[in-house]
Structure formats: structure tokens, C-alpha cells
Amino acid sequence: MKEQLALLRELQEIDLRLDEITSEKDEIVDRLKENTAFLDKLVEDLNTQKEELEEIKSLQSRKRDDLQEAKTQLSERQKRLRDVTSAKEYSAVEREVESFKKSTEQIEEELLRLLEVVESTEESIREKEDKIVQLREGIATDEAEAEEQLSALDERITAFVNRQEEARGEVSKRVLHKYDFIRSRRPGFAIVAAKEGHCEGCFMALPPQQFIEIQRGESLETCPSCNRILYFWEDALGEGAPKVDLEES
Ligand SMILES: [Zn+2]
């Protein structure tokens, strides 16, 4: 069993490195996705703002028509004022003149306010457009870099998968099955040291009899609290650095 456990530790080294490379890859992919999502959101905001601007401009144009109409009415009333004869009619037309003057002023004020809104909206649209251009450039650079990184990581994954297959071929089916089961439940370490009477995976104390069994190394022992496979820590002394050359490829 001690030999099986040593082989399993080798396999675990490879698997842990594979996990690391895979999560490195996932991080890159996630970052690219985030960048793209941010850009999409900005483009969406820009389009909404452009639609708003169109609405404001069409309101502006309707207000201009209203102003024109009010001015026409006003000058028509002013002309009529010169022709009226009765005092009663005069004061009626005069009230109309006042009312059209008022609405003319009111529309002019509204137009002024709308002009401010149009200008600030246009400014904000220009800023967003600039930002989008910059972001697109940044994303393109980032994607080119990421592509290189990803293909380098893929190469390493392929190399490690080959080593993984080799290592798996050397471990007995029963031990491998247990190991795979533990890793399917919980990522990370599936085989850990038992040292000074406790499990190095969860640091719980092991039953003294089990600790003796582990030292003997004749049976497959798992931690009663975290379920990881256990080996006697001294058996791995000298293994120190992983046997597989993990930094290469
Ligand atoms: Zn444990």
C-alpha cells in the first residue's frame, strides 16, 4: 500500500497543477467576458441616450412650431388692435395680445432650457463615444495578449494530461476510485499526511489505533472527519520536491 500511496501523491501533484492551470485559464476567460460585458453596457447606454436626444430634438422642433404659431397669432392680434373701434372689443383683443405675449415668452424659456439639455446630452454622448473607442482598443490588445496566454496554457494542459494518464495507469483501480470519488466531492487535496496523531487535511485527531494502521501502511485508510486518504508523513520524507518536473512544459 505504501507504494500505491506514493504513486497517488505523484498523481495528486499533477492534478493540483492541472487545477491551477485550469483556473488560471478560467480567470483570463472571465476577465475577457467582463470587459466585453462592460463595453456592451456602455454601448447600450449610448444608444439609449441617442434615442433620448432624438426625442428632445423632436420636442424642440414642436416647440419651435408652437412659438411660430404664437408669434403669428400675436402679430395678428396686434394688427387687429389698431382697427378695433369699440372699447369693449379693444379690451378683449388687448387681453388676447397679453395672453399670446405670455405664451410666447413661456415657449422661448422652454426652448432655452431644451437647448441646454440638448447641449449637455450631446456632450455626454461625445464622451461616451470616446470612451467606447478607447475601450475597444484596450479590449483588442487584451484579447490578443490573452490569446497567446491561453494557447500557452493549453499546451501545458495537454502535457499535464499526458502525465496524468501515465500516473493513473500506475495506481490500482481501487485506490484510484477512492481518490477520484474524494476529488469529485471536494476540489484540492484528496491524499494528505497523518502526523502526530492527526490528519493534516482537517487537523482533527485520529483514533490511536488508526494512526498505528497508517504507520504500518498495509491498508487504505481515510480520515474519519474529512474522508481524505491518509499516509504516514515520514513515508513522504525525501519526496520533498515533486518527482514530476512540474515547472517544465
Ligand atoms: Zn481529515
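In this predicted model, Cys199 has a relative accessible area of 0% and is therefore buried, the cut-off being under 20%. Cys202, at 24%, lies above that cut-off and counts as partly exposed.

The zinc ion takes its protein donors from the SG atoms of Cys199, Cys202, Cys223 and Cys226, at 2.2 to 2.3 Å. Along the chain these donors follow the spacing C-x2-C-x20-C-x2-C. The angles that the four donor atoms subtend around the zinc ion run from 104 to 113°, so the arrangement is tetrahedral. For four tetrahedral donors the ideal angle is 109.5 degrees.

The next topic is helix packing. Two packed helices are described by the angle between their axes and the distance between the axes. For helix H1 (residues 2-83) and helix H3 (residues 173-185), the axes come within 11 Å and cross at roughly 35°. The crossing of H1 past H3 is right-handed. On the H1 side the contact involves Gln4, Leu8, Leu11, Gln12, Asp15, Leu16 and Asp19, which meet Val175, Leu176, Tyr179 and Arg183 of H3. Sorted by class, this contact has six nonpolar, two polar and three charged residues.

Helix H2 (residues 87-170) contains Lys101. Is Lys101 buried, partly exposed or exposed? With a relative accessible area of 33%, Lys101 is partly exposed. Leaving aside residues up to four places away in sequence, Lys101 touches Leu74 and Gln78. From Lys101 to Glu127 there are 26 residues in sequence, and the C-alpha to C-alpha distance is 39 Å.

Key
Residues are numbered from 1 along each chain as its sequence is written. This is a predicted model: local features need pLDDT of at least 70, side-chain atom pairs count only at pLDDT 80 or more; totals for chains, interfaces and linings use all residues. Side-chain values use heavy atoms; hydrogens and water are left out. Donors are N, O and S atoms within 2.8 Å of the metal (3.2 Å for Na, K and Ca); water is not among the atoms, so sites may look incomplete. Four donors count as tetrahedral if all angles lie between 85 and 135 degrees; four count as square planar and six as octahedral if opposite donors are over 155 degrees apart and all others between 65 and 115; anything else is irregular. Buried means under 20% relative accessible area, exposed over 50%, partly exposed in between (1.4 Å probe, protein chains only). Axes are lines fitted to C-alpha atoms, for helices over the stretch in contact, and angles run from 0 to 180 degrees between N-to-C directions. Helices (H or I, at least four residues) and strands (E, at least two) are DSSP runs, numbered from the N terminus. A crossing is left-handed if the near helix is turned anticlockwise from the far one by less than a right angle, and right-handed if clockwise. Contact means heavy atoms within 4.5 Å. Ala, Val, Leu, Ile, Met, Phe, Trp, Tyr, Cys and Pro count as nonpolar, Asp, Glu, Lys and Arg as charged, and the others, Gly among them, as polar.
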